[in-house]
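User: Can you walk me through this one? I'd like to start with how its parts meet.

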Amino acid sequence: MKHFIEESLQECLDSLPESKIREAMSYSLLGGGKRIRPLLLLSCLKDLEIDPLLGLDAASALEMVHTYSLIHDDLPAMDNDDYRRGRLTCHKMFDEATAILAGDGLLTLAFEVLAKSNYANLDKVALIRELAIAAGSAGMVLGQTKDIEFEDLPVADVDELIEMYRNKTGKLLAVALKMAAILAGRYDELDVYASIGENAGIAFQIQDDILDVTKTTEELGKTANSDLVNHKSTVVSLLGLDEAHRTCEKYYQTAFDTYASLGLKSGEVRKLLELLINRQN
């Protein structure tokens with residue numbers, strides 16, 4: 001399914017006039033990556049016995065929002081990272097102003113794609129609403145804000161850190177599943193899908209903490225030990241490596257168990273989560 005996502009993203013960018021901003025947007029959006037969030041959305045549709053290709057517009061919009069967040073996250077004012085996905089970050093390849101605008105461009109294009117989609121009006125509004133909430137100041141943006149605050153105010157309570165992870169990473173994974181549920185007409189189960197995504201997102205972020213101290217820059221495709229350099233508290237720094245592994249496994253298992261409770265015949269989402277557990281970057 002990944003190649004369908006790549007084609008859809010390319011088509012979205014091709015609709016824009018040629019410019020330096022489009023070049024920067026393309027550089028970041030088409031520069032590789034696991035496509036976890038759009039694949040999660042399409043996999044969930046398949047589990048719900050809906051044609052996954054129906055979700056391409058929603059999946060593309062979600063990946064644009066994710067990529068915008070990475071561009072801004074890498075900026076000197078935030079994490080100040082030089083490498084992303086094995087190559088220079090957007091502001092290093094271009095400049096800071098262009099990177100900021102490229103992120104802005106991807107964020108707004110995401111909602112344009114949803115607004116122009118052929119989804120039923122009720123579903124379209126719900127998709128736009130849920131993505132905006134997940135990415136906004138009660139979701140991912142809130143998580144990033146807390147992440148920055150924690151650089152100056154080290155975290156003593158791991159629960160506070162977990163809540164930041166829930167917002168920074170969990171909300172976009174949750175909305176991938178919620179968007180699939182919306183397209184399948186399962187509005188009454190949105191909270192269940194959100195819980196699965198949030199727990200998987202927390203586990204994913206803990207995994208990032210672990211990989212940051214156990215892998216090299218070359219293996220990660222981004223700067224290793226960046227949390228230490230930026231004086232960030234992590235689950236590893238608070239609990240130690242062994243307990244971080246156990247905590248990660250606990251949250252993944254909770255996501256698995258909740259998904260299993262839905263009683264779906266296919267197991268595409270489970271397969272994808274199992275791949276995430278074993279990832280090395």
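User: How many residue pairs are in polar contact between domain 1 and domain 2?
Analyst: Eight, counting pairs with both residues at pLDDT 80 or more. Keep in mind that this is a predicted model.

User: And how many salt bridges across that interface?
Analyst: Zero by the rule used.

User: Which elements of domain 1 touch domain 2?
Analyst: Helix 3, helix 4 (56–73), strand 1 and helix 6 (96–116) each give two or more residues to that side. Helix 3 gives the most, with 10 residues.

User: What kinds of residues are on that side of domain 1?
Analyst: They divide into 19 nonpolar, six polar and 12 charged.

User: What area is buried between the two domains?
Analyst: About 3,200 Å² between domain 1 and domain 2. Carbon and sulfur atoms give 70% of that. In domain 1, Leu40, Asp47 and Leu48 lose the most area to domain 2. Together they make up 21% of what that side buries.

User: New topic. Where is arginine 35?
Analyst: Arginine 35 sits in the loop between helix 2 (20–29) and helix 3 (36–47). Its phi is near 60°, a positive value in a residue other than glycine.

User: Is arginine 35 buried or exposed?
Analyst: Arginine 35 is buried, because its relative accessible area is 1%, under the 20% cut-off.

User: What about glutamine 144, which residues does it touch?
Analyst: Asp73, Met78 and Lys168, leaving out residues up to four places away in sequence. Glutamine 144 lies in helix 8 (residues 140–152). It counts as buried, at 12% relative accessibility.

Technical notes
Residues numbered from 1 in each chain as written. Predicted model: local features only at pLDDT ≥ 70, side-chain atom pairs only at ≥ 80, totals over all residues. Heavy atoms only, no water. Helix = DSSP H or I, 4+ residues; strand = E, 2+ residues; numbered from the N terminus. Buried < 20%, exposed > 50% of the residue type's maximum accessible area, 1.4 Å probe, protein only. Contact = heavy atoms within 4.5 Å. Buried area = accessible area lost by both parts, 1.4 Å probe. Salt bridge = Lys/Arg side-chain N within 4 Å of Asp/Glu carboxyl O. Polar contact = N/O pair within 3.5 Å; in protein donor to acceptor, adjacent residues only side chain to side chain. Nonpolar A, V, L, I, M, F, W, Y, C, P; charged D, E, K, R; others polar.
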